[in-house]
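My entries follow in the order I made them.

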Amino acid sequence: MNVPARPTGGPGLPQERRLVTEVPGPRSRELLARRSAVVARAVGTTLPVFVAAAGGGVVVDVDGNSFIDLGSGIAVVNVGNSADRVVAAVHEQVEQFTHTCFMVAPYESYVAVCEALDRLTPGDHEKRSALFNSGAEAVENAVKIARAHTGRPAVVVFDHAYHGRTNLTMALTAKNMPYKHSFGPFAPEVYRLPMSYPFRWPTGPENAGREALAQAIDLLEKQVGAENVACVVIEPIQGEGGFVVPGEGFLPGLAEYCRSKGIVFVADEVQTGFARTGDMFACEHEGVVPDLICLAKGIAGGFPLSAVTGRAEIMDSPHAGGLGGTYGGNPVACAAALAAIETIEQDGLVERARHIGDLMLPRLRALQEQHGIIGDVRGRGAMVAVELVAGPDDRTPDPAAAAAVSAACHAAGVLTLTAGTWGNVLRFLPPLVISDELLDDALQVIEKAFAEL
Ligand code: PLZ
């Protein structure tokens with residue numbers, strides 16, 4: 001195969017949607033063939049092109065096609081791909097050392113990341129952090145910490161939740177296919193409660209906060225018993241579950257209930273964190289202060305890093321040596337995190353996320369007026385979605401329509417993702433550095449895809 005000159009990624013890439021071949025193009029097709037001969041088929045692909053470079057609001061493939069990025073690698077590159085500060089910090093770090101293992105010989109950047117998390121996460125109580133590699137690992141460790149602290153076994157989670165693919169986090173995740181099917185048995189002592197899902201709440205969205213809270217507490221007390229519960233784990237806005245924003249009062253009520261019963265309240269902000277929703281963390285929207293917060297994805301501009309941050313007395317419950325891992329808080333990932341956090345703060349990306357929501361939500365609501373299959377438009381900041389259903393008076397999920405719109409967007413040069421328990425949610429997660437012009441162009445492509453459905 002003729003390999004073209006390697007394009008340089010980062011914000012300097014031309015910020016344009018550009019199709020120069022069919023999708024996938026010939027070079028991507030060659031790589032897809034190589035891939036299917038050696039990569040396990042269980043590992044999925046959303047957009048069947050191979051990436052050559054990415055930056056700002058675009059992803060460029062090996063055939064020279066430039067896609068508008070509405071996925072951010074699943075809410076990871078909030079600061080954009082190969083963001084300037086991240087690239088510089090990583091270069092500097094790899095020239096110094098790449099790994100010692102923090103548990104063997106520590107280094108300053110790990111401590112500096114924990115200082116930043118102490119400062120940025122909700123609440124002014126004394127905090128401690130521990131660093132890991134993936135979102136799932138952060139959630140698993142939060143459960144370990146909560147169990148050590150309370151001496152209780154049970155973990156309470158919600159319908160439509162997604163917390164990862166390891167054995168314990170599969171048990172916490174709600175959806176069978178594709179995440180759990182044939183992979184059991186799962187970890188015990190996991191209990192699932194109904195979620196506050198306004199669009200699907202039987203008595204109407206306005207009751208979804210209050211009624212869901214009462215139901216959740218009632219079920220928890222009857223079926224589990226508060227005194228058996230180590231922690232409640234919840235995404236403040238559900239990610240893979242379809243960008244479900246709980247009804248007002250649900251999260252604060254739950255946090256308050258947990259406090260009154262000595263249950264550790266764990267916010268899984270793996271997808272919602274780091275400016276994504278127009279606040280640094282989604283919990284802040286209703287003033288919720290979690291006992292423990294799980295962080296990953298947007299924390300390090302594309303490098304594998306995750307964290308659990310929380311109340312010092314809870315975090316310090318496990319015995320010395322009880323938490324860790326070879327790579328947790330790797331120095332390159334920590335350098336990237338410090339640079340990503342600086343970028344979010346210096347470049348006003350929290351405000352930028354709000355601005356993206358202000359641009360997208362009205363356009364999507366206008367689209368809803370024209371297309372009865374758009375049952376719901378929801379989200380916050382740069383985490384927005386539309387849920388597709390049979391029609392204006394029929395909420396039967398329509399995953400085929402979501403797949404068709406998404407495919408039309410891909411063919412036209414816009415990278416979109418789907419989500420939701422029924423796969424009927426189109427979700428949009430642009431990098432926070434995307435230009436208004438690109439966003440407008442992407443919205444026009446989405447509008448056209450609905451018009452031609
Ligand atoms: N908690 C809230 O969104 C990861 C999963 C993609 P890891 N979401 C993307 C896929 O199909 O595997 C996620 C999340 C929330 C935990 C996780 C898990 O994070 O870094 O993928 O382990």
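Entry 1, terms and source. I took helices (H or I, at least four residues) and strands (E, at least two) as DSSP runs, numbered from the N terminus. The model is predicted, so I kept in mind that local features need pLDDT of at least 70 and side-chain atom pairs count only at pLDDT 80 or more, while totals for chains, interfaces and linings use all residues. Residues are numbered from 1 along each chain as its sequence is written, and side-chain values use heavy atoms, with hydrogens and water left out.

Most residues other than glycine have a negative phi, and most peptide bonds are trans. I looked up the exceptions. E189 is not a glycine, yet has a positive phi of about 65°. I found E189 in the loop between α6 and β6. P185 is in the loop between α6 (167–172) and β6 (190–193), and the peptide bond from G184 to P185 is cis, with omega near 5°. The bond from V23 to P24 is cis with omega near -5°; P24 lies in the segment before α1 (26–38).

Which residues are closest to the ligand? I noted G135, A136, R165, D268 and Q271 as the closest of the 15 residues that surround the ligand; a residue is near if one of its heavy atoms lies within 4 Å. I then looked up polar contacts (a pair of N or O atoms within 3.5 Å; within protein, one must be able to donate a hydrogen and the other to accept it, and residues adjacent in sequence count only if both atoms are side-chain atoms). A polar side-chain atom of D268 is 2.7 Å from a ligand nitrogen atom. For E240, a polar side-chain atom lies 3.4 Å from a nitrogen atom of the ligand. A136 uses a backbone N or O atom, 2.8 Å from an oxygen atom of the ligand.

Axes are lines fitted to C-alpha atoms, for helices over the stretch in contact, and angles run from 0 to 180 degrees between N-to-C directions. Helix α3 (residues 84–96) packs on helix α10 (residues 331–346) at about 155°, with axes 8 Å apart. That makes α3 roughly antiparallel to α10. I used these classes: under 35 degrees roughly parallel, over 145 roughly antiparallel, 65 to 115 roughly perpendicular, the rest oblique. The residues in this contact (heavy atoms within 4.5 Å) divide into ten nonpolar, three polar and two charged. Ala, Val, Leu, Ile, Met, Phe, Trp, Tyr, Cys and Pro count as nonpolar, Asp, Glu, Lys and Arg as charged, and the others, Gly among them, as polar.

The axes of α11 (residues 349–370) and α13 (residues 436–451) come within 11 Å and cross at roughly 25°. α11 is therefore roughly parallel to α13. Residues of α11 including H355, L359 and R363 meet α13 residues, among them D440, L443 and E447. By class, I list nine nonpolar, two polar and five charged residues in the contact of α11 with α13.

Helix α12 (residues 399–411) and α13 pack at about 130° with axes 9 Å apart. α12 and α13 are therefore oblique to each other. V405, A408 and C409 of α12 make the contact with V445, I446, A449 and F450 of α13. The contact of α12 with α13 has seven nonpolar, no polar and no charged residues.
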